[in-house]
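Biologist: I am new to this structure, and I would like to learn how to read its features one at a time. Could you take me through them, giving the general idea before each case?

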Amino acid sequence: MADAYLTDVSPGYGALPPRAALDSDAPRVDLDGAWRFRLAPTAAGTDAGFEAADFDDSAWDSLPVPSHWPMHGYGAPAYTNVVYPFPIDPPYVPDENPTGDHRVAFDLDASWVGERTVLRFEGVESCARVWLNGVELGVTRGSRLPVEYDAGPHLRAGRNVLAVRVHQWSSGSYLEDQDMWWLPGIFRSVALIRRPAGGIDDAFVYADYDHRTGEGTLRVDTVAGARLRVPSLGIDGPADSPYRAQVTPWTAEDPHLYEALLSTETETVRLRIGFRTVAIVDGILTVNGRRIRLRGVNRHEWDPDHGRVMSLDVMRADLLLMKRHNVNAVRTSHYPPHPAFLDLCDELGMWVIDECDLETHGFGQVGWRGNPSDEPQWRDAYLDRMRRMVERDKNHPSIVLWSLGNESHTGQNLAAMADWARERDPSRPIHYEGDRACAYVDVYSRMYASHAEVDSIGKGGEHPDLPFILCEYGHAMGNGPGGLSEYEELFDTHPRCQGGFIWEWIDHGVRDGDRFLYGGDFGEPLHDGNFVIDGLVFPDRTPSPGLIEYATVVAPVRIAAAGTGAVRISNRYDFRDLSHLAFTWTLEREGEPVASGALDVPAVAPGEHADVPLPALPAAEGETWLTVRAVLAADSPWAPAGHEVAWGQVLAGDPSYAKTVNRVPFLAAGAFDERGVLTRIGDVPVDGPQLDLWRAPTDNDRLGAHPVEREWRAIGLHRLRHRTVAVEAGADELLVRTRVAPAALDLAMDVEYHWVSTADGLALTVHVRPHGDWPVLPRIGLRLGLPATLDRVTWFGGGPGEAYPDSRRASRVGRYARTVEEMQTPYVRPQENGSRADVRWATLTDATGRGIRVDGYPTYQMTARRWTSEDLDAAAHTTDVVPRDRVYLNLDLAQQGLGSASCGPGVLPQYDLTARDVTFGVRLAAL
């Protein structure tokens, strides 16, 4: 068969040996742009002979390169997490194999003819066969890896034609079962690069740092006779000579790079050198002699309009957003990124685990039978992928670990990859989570280990002689994750527990007008729904509440009370002191500023703390909070001066919550119907309030091994019924007894609403008593409906964003104002969102100031939205949620925690909302 190469398990044929990505002055022709394109349903392609230089492609369509053709209307994206979307029959793939034929014509002047020239592809998914002027150059597999061909003998003066046949499926697809959209195409750049005689084909920069002496050692392994110049170090001599000098080391916190030139008579390469040494010492991963903490994220490459086609601007935006949210590490899940991303990591400062383009997760569906990781015939393919990654990326100081891949079980081919990498580059340890025995890796890595497991490992559990990292944890799917603070405490407590990487950075939503699509939205017969929507930023790169929470949890400075009249400033950096930060304080009474100033903080060394006296503060009655902020003192490459790095609050004046009321004759401020349900407060019509136990399930409620949503629906929490038992009116009070219960069961909640008239409104005390064996509850609180015009919300309490019991470190006490629309969090798949914590009081008003005020005694959690929880529950996308003619206000005593059960541990016991006798209250007043 003409397409037999598709089932060949080798890496392909015709490719040149892999080499470093180098910034060279050698002539280069960028071939990106508009190519001719036609799609065929099978591997036969569109036309026999299409590769010939004189083939007439004028009737073909035009497609940009780089691109994925499904993102341009040719076929459609398809998403699976684990399962292969084709039979597990290695190395065979289906006859239904979408194949895109690409052609581009380009002109060259005569100077290129007869010169040694390489044709470089940075990334093609999944298999490509390449012709230049009708001559076949070869076949490549390994989608997220570069490949080069010798193009020189086949180039012509004038018009040249490059033809590339790209197949969606090939034997390589069995090695690329990463949790992401299946998107074929030439999705990274293509270029011709002149290779001058006597030029620099490759270079390996060795730049070590001795933390005891401050001395750097430098040499470059490259072509004989090459010269190395590092002007700032006074180096100018043979590249292969070892040089020693006092240097500023490279770290993710202070990414100092030395500009260097590597040259021969015919070529000059620009290098950016970072001196640093990675080592494992006494079971601790160190850089430059110090333990490092990985406050990381897993990063897939994603753009909602272009898929894995990444522009430099988007890559830089990712890193700036990470740095501004205290992220210091990236795992390139689950393939090497665009090479420019690693240049930016060197420049801006980021610890990087560079991960090979390898995952065979779908074999787990068949008990790992036939898994290529342990099949000898696949060995060359595995080694080729490792070589291409290491050789391309070996000169980046940001890369501190090589990762063999992801979720490919274990076997001899993975061990061979580790052996090869360790021999080629002994300066970087080897990572791979799938080697649970740690037979061929240098760090112990786990995914989604529970808090208890991490604690046990930290105390000397499994593999006590190795550093431990969570290569994935805190699954950021939908509303969540919860429990990050407790993980951070464990990383602080146990030296060998060196942090981890949140799964993941971005929601992989495909933009469709005002909404984002996920698995199943393209009619895929096999898909994993919105499991691809699991990032800390939304598809348009808007930070989610999860990212705001993570930034606070992992902040490199801690600010807390230190006795009377002082705050403790703790430096959690690994290398930097605090001299680059300025500290300010603000005193607020009920959220209103009273005084402010600067705080004189010494240059606290990394890992140390200082107790700093506070200035004399003015007396302020009522609830008063002192907020201390740590901000950048000067502009940095990743944020301007004044950017907030960390904050802390200290209670400066005790709050007083009056629990008694001065009664007045009843019904002076409100009206009730015959069932004792409030219908009016002042002149504002009201529906309710009534007991509410339901929330639109979060992804963490819905998914995982034991989804609580299943229990909630099984007992009917989403369809409770209310029955009035008694209404007892007094001169200045109203007692309403009700029973709230689901159909078909004998579970019930006895609820007493005790209303008392006050001078300015109504005070309500609610007592709830459960009967029967209830599961953990979504919420316990009140729901009431208000006029749609009351769309301006002001509150004193936690904010500015949403907070939940196990995700509330980012919530600071203050006074905030938002519209009802601004209080929503637009999760791609709608679910419970927008709750503000610890609300003391809130007002909901219209444009004239008319409305209501709700005080808590002591506090409540608040959501305000134009739709009900049931509306959210029924929606699949944000555009499915249609505003009603009411504002629905939830005033909760408590909600169930969030956890990370969509992929990981559920809610910690202390955040479970159990059914029990509770009493809580609010006061309502018309404005």
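Modeller: Let us begin with charge pairs: the structure holds 75 salt bridges, a salt bridge being a side-chain nitrogen of Lys or Arg within 4 Å of a carboxyl oxygen of Asp or Glu. Before we go on, please keep in mind that this is a predicted model, in which local features need pLDDT of at least 70 and side-chain atom pairs count only at pLDDT 80 or more, while totals for chains, interfaces and linings use all residues. Residues are numbered from 1 along each chain as its sequence is written, and side-chain values use heavy atoms, with hydrogens and water left out.

Biologist: Which side chain does Asp101 meet in a salt bridge?

Modeller: The general idea is that side chains of opposite charge can pair when their charged atoms come close. Here the side chain of Asp101 meets that of Arg165, at 2.7 Å from N to O. The pair links distant parts of the chain, since Asp101 is in strand E7 (residues 96-108) and Arg165 in strand E13 (residues 158-167), 64 residues apart; helices (H or I, at least four residues) and strands (E, at least two) are DSSP runs, numbered from the N terminus. Asp101 and Arg165 are both buried, where buried means under 20% relative accessible area, exposed over 50%, and partly exposed in between, with a 1.4 Å probe and protein chains only.

Biologist: Where do Glu488 and Arg295 lie?

Modeller: Glu488 and Arg295 meet through their side chains in a salt bridge of 3.6 Å, N to O. Glu488 lies in helix H6 (residues 484-493) and Arg295 in strand E27 (residues 294-298), so this pair ties together parts that are 193 residues apart in sequence. Both Glu488 and Arg295 are buried.

Biologist: Which residues of helix H5 are buried?

Modeller: In helix H5 (residues 451-458) the buried residues are His451, Val454, Ile457 and Gly458. Seen down the axis of H5, they fall within an arc of 125°, so they line one face of the helix; the arc is that of the directions from the helix axis to the C-beta atoms. They pack against strand E32 (444-447), strand E33 (468-473), H6 and strand E34 (497-502). Just after H5, Gly460 takes a positive phi of about 110°.

Biologist: How many disulfides does the structure hold?

Modeller: A disulfide is a covalent bond between the sulfur atoms of two cysteines. The structure holds zero disulfides, judged by a pair of cysteine sulfur atoms within 2.5 Å. Cys127 is in no disulfide, and the nearest cysteine sulfur, that of Cys356, is 17 Å away; Cys127 is buried, with a relative accessible area of 0%. Cys497 is likewise in no disulfide, the nearest cysteine sulfur, that of Cys438, being 13 Å away, and Cys497 counts as buried at 0% relative accessibility.

Biologist: How many aromatic pairs are there?

Modeller: A pair of aromatic rings is described by the distance of the centres and the angle of the planes. The structure holds 29 aromatic pairs, where rings of Phe, Tyr and Trp (its six-membered ring) pair if their centres lie within 6.5 Å, and planes under 30 degrees apart count as stacked, over 60 as edge-to-face and the rest as tilted. The rings of Tyr84 and Tyr174 have centres 5.5 Å apart and planes at 55°, so the pair is tilted. Tyr84 is in the loop between strand E6 (78-80) and E7, and Tyr174 in the loop between E13 and strand E14 (180-182), 90 residues apart.

Note on methods:
Contact means heavy atoms within 4.5 Å.
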